[in-house]
Amino acid sequence: MLTIENLHATVDGKSILNGVDLDVKSGEVHAIMGPNGSGKSTLSSVIAGNEIYEMTEGNILLNGEEIKDMDAEERAHKGIFMSFQYPVEIPGVSVTNFIKTAINSSRKAQGLSDMLASEMLKKIREKAELLEIDTKFLSRSLNEGFSGGEKKRNEIFQMAMLEPKLSILDETDSGLDIDALKIVANGVNKLRNNNNAVIIITHYQRLLNYISPDFVHVLHDGKIVKSGTKDLAHELEAKGYDWIKDDID
Amino acid sequence: MELKEKLLNSHLAFEEQSDVNEVVQTQRINSLKVFQEKGFPTKKIEAWKYTSLSSLIKKDYVLFPKNDTQVEFKKIKKYFLPDIETFKIVFINGIYSPFLSDTTHDGLDVCLLSAAFNQSKYNEIIKKYFNKSVIKDESLASLNTAYAREGAYIFIPKNMVSEKPIEIMHFSTGEQKTLWLQPRNLIIVEKNSQVQIIERHQSLVDHDVVTNSVTEIYAHNDALVDYYKIQNDLDSASLIDNTYIDQEKNSHVSVHTFSFGGNLVRNNLNYLHKGEHIMSTLKGLTILKDKQHIDHNTLVNHSKPNCESHQDYKGIFSDQSKGVFNGKIFVHKTAQKTNAFQQSNNILIDDKATINSKPQLEIFADDVKCSHGCTIGQLNEETLFYLRSRGIPRKEAKALLTYAFANNILQSVQINVLKKRINEQIAEKLGVDLGFDL
């Protein structure tokens, strides 16, 4: 589904990613772990099309199609979704209205008419139930005054509504207590199927206790330095990142 | 003949056709002298540095329009609040329209200022209040006073809540291609009473109408006044709004100014505190385009201890539109424990749009909390990225964020149908097709 080849990226002239290769197939969950400053968030932003980062070398393919020159919105229309570490607050626009706007923007890009109100409502109810979200929550202004847990749950709700092919969860576990973490993880698990894929970007292993990855990669200095299975995450948890650094040195 | 000369020379004719209320007449004559001395303000005056009236006053205006213009209610229905009952004081080309109005003398008075001038039972009130709050050396307010004859008169006696909001509506029909209007409103809210008022100036066809309006509001102890100014006029219409608010102990006067249109709009909003524990709220939302010009000039005069004022103005400027925010907070030596906040936040959508923002804090007391902030910016790329990553194209994402920026000014609007109406207007002005009912 997603193929990243020799990806180099800079921000303000500073090199952050120094040749990342990654291959994610349908139905797979990949975890990308690494210490602070290793380039994890940059990688997710570059895949999602954040123009702050300049891609200087390499390629990104989604189902064989080159996406590196596409705008963020175009990538979203192709099925890429990114859950933000710090979601934006939008006063005066409810969760429901925001998601309607997002869905209909994608439909418009694909030449479809707006989703019928009844159909939208049904889908909203269905997904809210799946993620154990109170419908009252959906009429609140997007992310305004939300707790950390509510923000993250709202990100996963949007993911559920948009039904992306590839979801990137950027530090979704940060700032969550254990109950919120379980709810968010549970939601992601329910949304997994053989036609989509998930990339989890995380510093800690704890989210991976609840969402089981097929592959774990360690990012260091803008490169994937080690790949393995779920066991690698446990090893990192036990030994810390210094172990990897020592290992490659 | 220059406009100033015309205004001075026409006063005799005005007097001949006006009431003979002595108190009012004395004020008129004195005020005419002030205007004669000062004339129209020029850019040489600090408070008018960024706003020029020169192109407005070059034109020749009709000062006394004819009395015979009728307008069908269905043609102007959309300018009134929908779905709820209101008192209405309606003027067509400056002249009262009894057919379109819905006034009352049942407990409270919602009627015409001319009626109050002409009837002896109002003499005491007119004597006590008329022109008392107006800052005497202001030439435009003086000009209005010189020609004060018609407008809204609202009197809410003590311990009364006006169940219906009051709409003061000024329409101009364009029958006079150029028209100079000077409405005068007098609003008295006695002890422990409440009222909601909406004021609107609207031309029905695009023509050169200039409105130089004065509104006096007296809020007595524990009074609650909730005032909304809707400024969404056609391209050639200009408005100079002079509002003077006198507040007594424990009163709260809130003024929301929504400025979405017109050629040139100048708001002079003045608060004077005459007791302790007063709250003053000033909120403004401006969305302008083309060559529209707005100048918000506020003054909060804190002269007593333990009072609060909150100012929050937001502006969104496109094309070559211009905004000015000049906010003055004056804290007298005796006004200890004052809390005064002022915020002016602006977004410039296009390179040629401008905003001049000037906070002026003059503080002579030592135990006060005063703050002011001003931002002028564009929309944040990171924030835009969030929306775009959800598939919302850049243009729509910008509009949606601008809408969100504007939205908080609406939160304190107390009349739901008005809130809904303004929300729709904001979406329309910003070109946000949100695809849902707001």
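Colleague: What radius of gyration does chain B have, and how does a compact globule of 438 residues compare?

Modeller: The radius of gyration is taken over C-alpha atoms, and the globule rule is 2.2 Å times the number of residues to the power 0.38. With 438 residues, a compact globule would come out near 22 Å, and chain B has 21 Å, which agrees. Its C-alpha trace spans about 70 × 55 × 45 Å along the principal axes. Bear in mind that this is a predicted model: local features need pLDDT of at least 70, side-chain atom pairs count only at pLDDT 80 or more, and totals for chains, interfaces and linings use all residues. Residues are numbered from 1 along each chain as its sequence is written, while chains are lettered from A and ligands numbered from 1 in the order in which they are written.

Colleague: How many helices and strands does chain B have?

Modeller: Helices (H or I, at least four residues) and strands (E, at least two) are DSSP runs, numbered from the N terminus. Chain B comes to eleven helices and 20 strands.

Colleague: Let's pick one residue. Is V195(B) buried or exposed?

Modeller: A residue is buried if 20 or more other C-beta atoms lie within 10 Å of its own, exposed if 12 or fewer, and partly exposed in between, with C-beta atoms placed from the backbone. V195(B) counts as buried because it has 27 C-beta neighbours inside 10 Å. It sits in strand β8 (residues 194–203) of chain B. Across the 438 residues of chain B, buried ones make up 50%.

Colleague: Which residues does V195(B) touch?

Modeller: Two residues are in contact if their C-beta atoms, placed from the backbone, lie within 7 Å. Not counting residues up to four places away in sequence, V195(B) touches I154(B), I156(B), S162(B), I166(B), V189(B) and V225(B). As for contacts in chain B between residues at least 6 apart in sequence, 83% join residues at least 24 apart.

Colleague: And the domains: where do they fall in chain B?

Modeller: Domain bounds come from an automatic or database domain assignment. For chain B that gives domain 1 (3–394) and domain 2 (395–438). The C-alpha centres of these two domains of chain B lie 23 Å apart. In chain B, 28 residues of domain 1 are in contact with 21 residues of domain 2. On the domain 1 side, the elements giving two or more residues include β8 and β10 (224–231) of chain B, and α9(B) gives the most, with four residues.

Colleague: How many residues does each chain bring to the contact between chains A and B?

Modeller: Chain A brings 25 residues and chain B brings 20 residues. On the chain A side, α3(A) has the largest share, seven residues.
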